[in-house]
Amino acid sequence: MTQTCFITTPIYYVNGAPHIGHAYTSIAADVMARFKRLDGYDVFFLTGTDEHGQKVEKAAADKGVDPQTFADTVSADFRAMSDAMGISYDDWIRTTEERHKVSCAELWRRIEKNGDIYLGHYEGWYAVRDEAFYDEAELTTRPDGSKVAPSGAPVEWVREPSYFFRLSAFQDRLLKLYEEHPEFIAPSSRRNEVTSFVKGGLNDLSISRTTFNWGIQVPDAPGHVMYVWLDALNNYVTACGFPDEQAPRWKYWPADVHFVGKDIIRFHAVYWPAFLMAAGLPLPRRVTSNGWWLMDGEKMSKSLGNVVEPRKLAEIFGLDQIRYFLLREKPFGADGSLSHAAIISRINVDLANDLGNLAQRSLSLVARNCGGVLPTRGTPTEDDKALLDAAAALPDLMRAHIDRQTFHDGLEEVWKVIRAANGYIDRQAPWALNKTDKARMGAVLRVLVDTIRVVATLLQPFMPASMAKMLDQLGVGDQRNFAALAMPLPEGQTLPHPRGVFPRYVEPAT
Ligand code: ME8
């Protein structure tokens with residue numbers, strides 16, 4: 001049976017327009033989804049929008065429209081952005097859909113049946129921007145006397161009747177989970193953070209609100225809507241068909257990887273597994289978190305207004321170029337700065353010089369000196385073998401990096417081979433062999449074609465359109481998955497005329 005793989009992105013709040021931070025998490029998840037499909041997995045890749053809660057209600061009110069109309073518009077814009085960035089999602093979930101309301105009501109009932117929900121009264125601090133409750137001790141006081149959350153979000157004092165989730169009862173089970181499954185939270189710095197947070201003791205969590213009504217009704221409790229994070233996290237099981245365990249998609253649960261930003265690790269690594277334990281459902285296998293893209297040293301955010309439009313960047317520099325840049329420039333879990341200079345340097349050095357030139361140099365020699373016909377393999381020399389072996393080792397190296405979300409290290413491994421191939425072509429000088437030893441020239445060019453084929457096959461998830469062009473030029477048919485690498489290219493075929501895949505970026509004259 002084919003192995004399944006369920007990958008998710010966060011579902012984004014529809015309180016404002018999408019920016020490069022959202023595109024980033026989605027692109028990383030997309031790379032993994034595409035990689036797993038090419039590696040023979042039955043993949044379910046989910047993304048969508050988070051549409052309830054006070055933050056969205058306020059944003060709609062500011063625009064003078066009702067929340068549903070507002071959510072419809074912004075969700076459609078997030079979807080258009082995801083399509084424009086090449087996100088190959090299998091389902092686009094919206095928390096205002098009927099299937100999700102049914103699923104949330106059932107999750108609530110199961111948790112309640114287990115005895116983990118009770119009615120009480122909440123009094124404390126709440127940050128609408130984070131849709132999160134905070135303890136007094138977590139806040140800092142500004143010079144003007146106002147209090148802010150650790151994220152910098154303003155807080156307000158809330159006092160209302162509320163249902164509570166007995167989170168305090170899950171401390172030991174959560175700590176056991178982190179200990180038995182160290183891979184559950186990545187990177188490990190975040191695991192340490194979460195573990196010490198949980199070790200510090202957990203308060204019960206307020207999971208219903210009564211002072212506004214833009215949310216999912218709590219079953220049999222008029223006036224209460226579910227806390228937006230309970231509603232939002234549950235999207236992952238809704239999409240698998242919950243509560244219908246006979247649904248065709250139920251086979252994908254539990255999730256293999258939840259991709260999230262580091263701001264929402266606590267919700268995914270503490271609250272979410274606790275809700276699932278209480279409901280008697282299997283737990284996700286991994287929550288992996290990315291660091292921030294910063295602009296002028298500050299986190300980009302809708303609320304701060306310092307955002308970069310992903311579609312604009314793709315228009316200026318090329319979609320594949322931006323996808324590559326985002327995953328190559330910084331380690332996934334770390335913060336990094338977005339600058340035009342850094343993007344241009346990646347385009348001109350890594351893509352145009354290293355990879356683009358390698359393919360163009362090799363393929364134009366095949367066109368010019370071999371009549372465009374794919375040369376046959378020769379008996380490999382030591383130098384040939386070293387390069388071919390390095391290329392053959394790449395799929396396994398990349399598999400390990402994708403499973404750990406160390407995308408930048410995986411790309412560095414590929415670039416080591418690209419640089420080795422550039423060294424090889426200089427050493428072997430096939431252009432000179434054209435006059436002295438045509439057979440050897442053909443063998444050298446074939447080593448290059450075979451190496452570039454491995455590279456282009458593995459880079460497809462990162463740069464789908466450009467690698468499709470490169471594989472076309474190498475004469476690779478429609479079998480482009482990793483298993484197909486075991487089959488040599490068909491002999492004697494004429495390759496299409498080579499055309500550069502990665503133009504250099506030249507700053508337009510102002
Ligand atoms: O938190 N750099 O939605 P959201 C990198 N609805 N990634 C960034 C980023 C930046 N500057 N800014 C945002 C929510 N992100 C909830 C999620 S899931 C059940 C509910 C990414 O619209 C990052 O992945 O605020 C972050 O976690 C996510 O966008 C937050 O999106």
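Modeller: In this predicted model, 13 residues of domain 1 are in contact with 16 residues of domain 2, contact meaning heavy atoms within 4.5 Å. Domain 1 spans 4-290 and domain 2 spans 340-486, bounds that come from an automatic or database domain assignment. Residues are numbered from 1 along each chain as its sequence is written, and side-chain values use heavy atoms, with hydrogens and water left out. Local features need pLDDT of at least 70 and side-chain atom pairs count only at pLDDT 80 or more, whereas totals for chains, interfaces and linings use all residues.

Between them the two domains bury about 1200 Å², 68% of it on carbon and sulfur atoms; buried area is the accessible area (1.4 Å probe) that two parts lose on being put together, summed over both. Val31, Phe35 and Leu38 supply 52% of the area that domain 1 buries against domain 2, more than any other three residues.

Two salt bridges are counted between the domains, each defined as a side-chain nitrogen of Lys or Arg within 4 Å of a carboxyl oxygen of Asp or Glu. The side chains of Lys36 and Asp403 form a salt bridge, at 2.7 Å from N to O. On the side of domain 1 that touches domain 2, helix 1 (20-38) and strand 13 (257-261) each supply at least two residues; helices (H or I, at least four residues) and strands (E, at least two) are DSSP runs, numbered from the N terminus. Helix 1 gives the largest share of that side, eight residues.
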